[in-house]
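Trainee: Could we go through this structure together? I would like to begin with a loop and then move on to the strands.

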Amino acid sequence: MIWSRLTSAATLLPWSLPTDASAHGPALDHHLLLNLWIALALLALAHVILFTGLLARRHSAPNHLWRIEYLPLAALALLFATLTVKAERLWAATRYTGASPTALQVEVTGVQFAWYFRYPGPDATFGLTHPNLVAPGEGNPLGLDAKDPHSADDHVSSQLVLPANREVDLRLNAQDVIHGFSIPEMRLKQNAVPGQTIHLHFTPTTPGTYAILCTQLCGLGHYRMNATLRILPPDQFANWLATQQKAAQ
């Protein structure tokens, strides 16, 4: 009850966190606010101890050092160890645990200075890409191989459109330099590294439009490297996807 009141009060402050629109977001927010409240309590306690010591002007006997030094240090070590273990579990839930086999597959590619999002089409298989085929001016920003039969139904979009309440498995890539893929409302932040495919899974819960940012200084055009995330109800997403696949044929 006390924690829920503190969390509610924190959300009313002008520096509150962005709107949470993902299934894993509440656990992350809870842990972050818990750390902040603990840090505030420790700061207040340190000042109280310092102020009390200045007023008392007494020196503790050597046989009492364990009370004023060792016990607080042991308590702090136990506290921070507990917070660390909890943080590792939250991280493992999205990074070390794979997505469900039924998760929606979407490829995300960062390139100076834009984001591209590729959907695999009805065959549920991404087509081959080759760096020498990359030609944004010709409508092939990802270098899709037209000779690969799996590439024919792939759909490439400049905006990320996802269904609400369905797990999504993002495959992050970068063509040139490191780009920072970030969606604050989804509590997502992951670097896209050239030569690597990094998986990131989550479940959006709240329909709406959100900003996709680049959090790594990737060049002179970094300031304009952003995109749009649209979360739609499942039926609207199915209609959108069918329209895009029909247009790609």
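Mentor: Let us begin with Asn165, which sits in the loop between E4 and E5. Please keep in mind that this is a predicted model.

Trainee: What is phi of Asn165 near?

Mentor: Phi of Asn165 is near 60°, which is a positive value in a residue other than glycine.

Trainee: And is Asn165 buried or exposed?

Mentor: Asn165 has a relative accessible area of 58%. Exposed means over 50%, so Asn165 counts as exposed.

Trainee: Is Arg187 buried or exposed?

Mentor: The relative accessibility of Arg187 is 17%. Buried means under 20%, so Arg187 counts as buried.

Trainee: What do E6 and E7 form around that turn?

Mentor: E6 and E7 form a hairpin, with four residues between them. The two strands run antiparallel and are joined by five bridges. As an example of the pairing, His179 stands opposite Ala192 in E7.

Trainee: Where do the side chains of E7 point?

Mentor: They alternate along the strand, which covers residues 188–192. Leu188, Gln190 and Ala192 point to one face and are buried.

Trainee: Let me step back for a moment. How many helices and strands does the protein have?

Mentor: The protein has four helices and ten strands. Their order along the sequence is α-α-α-β-β-β-β-β-β-β-β-β-β-α.

Trainee: How many residues of E1 are buried?

Mentor: Strand E1, residues 104–111, has seven of its eight residues buried, so the strand is mostly covered.

Trainee: Which strands does E1 pair with?

Mentor: One partner is strand E5, residues 168–174, which runs parallel to E1 and is joined to it by seven bridges. Within that pairing, Glu107 has Arg171 in E5 as its bridge partner. E1 also pairs with E2, in the antiparallel sense, over five bridges. There, the bridge partner of Thr109 is Tyr116 in E2.

Trainee: How many residues lie between E1 and E2?

Mentor: Two residues lie between them, and the two strands form a hairpin. Phe113 is found in that loop, and the peptide bond from Gln112 to Phe113 is cis, with omega near 0°.

Trainee: Changing topic, how many aromatic pairs are there?

Mentor: A search of the whole structure finds three aromatic pairs. One of them is formed by Trp115 and Phe181, with 5.3 Å centre to centre and 80° between the planes, an edge-to-face arrangement. This pair links distant parts of the chain, as Trp115 is in strand E2 and Phe181 is in strand E6, 66 residues apart.

Trainee: Are Trp115 and Phe181 buried or exposed?

Mentor: Trp115 is buried at 2% relative accessibility, and Phe181 is buried at 0%. Elsewhere, ring pairs link Tyr119, Phe237 and Trp240 into a cluster.

Trainee: What does Leu160 touch?

Mentor: Leaving aside residues up to four places away in sequence, Leu160 touches Val106, Phe117, Tyr119, Ile212, Thr228, Leu229 and Arg230. Leu160 lies in strand E4, residues 160–163, and is buried at 0% relative accessibility. The C-alpha atoms of Leu160 and Thr228 are separated by 6.2 Å, although these residues are 68 residues apart along the chain.

Trainee: And where is Ser151?

Mentor: Ser151 is in the loop between strand E2 and strand E3. Ser151 is buried, with a relative accessible area of 9%. A polar atom of its side chain lies 3.1 Å from the backbone oxygen of Asp145. Beyond four places in sequence, Ser151 touches Gly127, Leu128, Leu144 and Asp145.

Trainee: Finally, what pLDDT does the protein average?

Mentor: The average is 84, and 86% of the residues score at least 70. Over residues 1–12, however, pLDDT stays under 50, and the model has nine contacts for them beyond four places in sequence.

Conventions: Residues are numbered from 1 along each chain as its sequence is written. Side-chain values use heavy atoms; hydrogens and water are left out. Buried means under 20% relative accessible area, exposed over 50%, partly exposed in between (1.4 Å probe, protein chains only). A polar contact is a pair of N or O atoms within 3.5 Å; within protein, one must be able to donate a hydrogen and the other to accept it, and residues adjacent in sequence count only if both atoms are side-chain atoms. Contact means heavy atoms within 4.5 Å. Rings of Phe, Tyr and Trp (its six-membered ring) pair if their centres lie within 6.5 Å; planes under 30 degrees apart count as stacked, over 60 as edge-to-face and the rest as tilted. Two strands pair if DSSP finds at least two bridges between them. pLDDT is the predictor's confidence in each residue, from 0 to 100.
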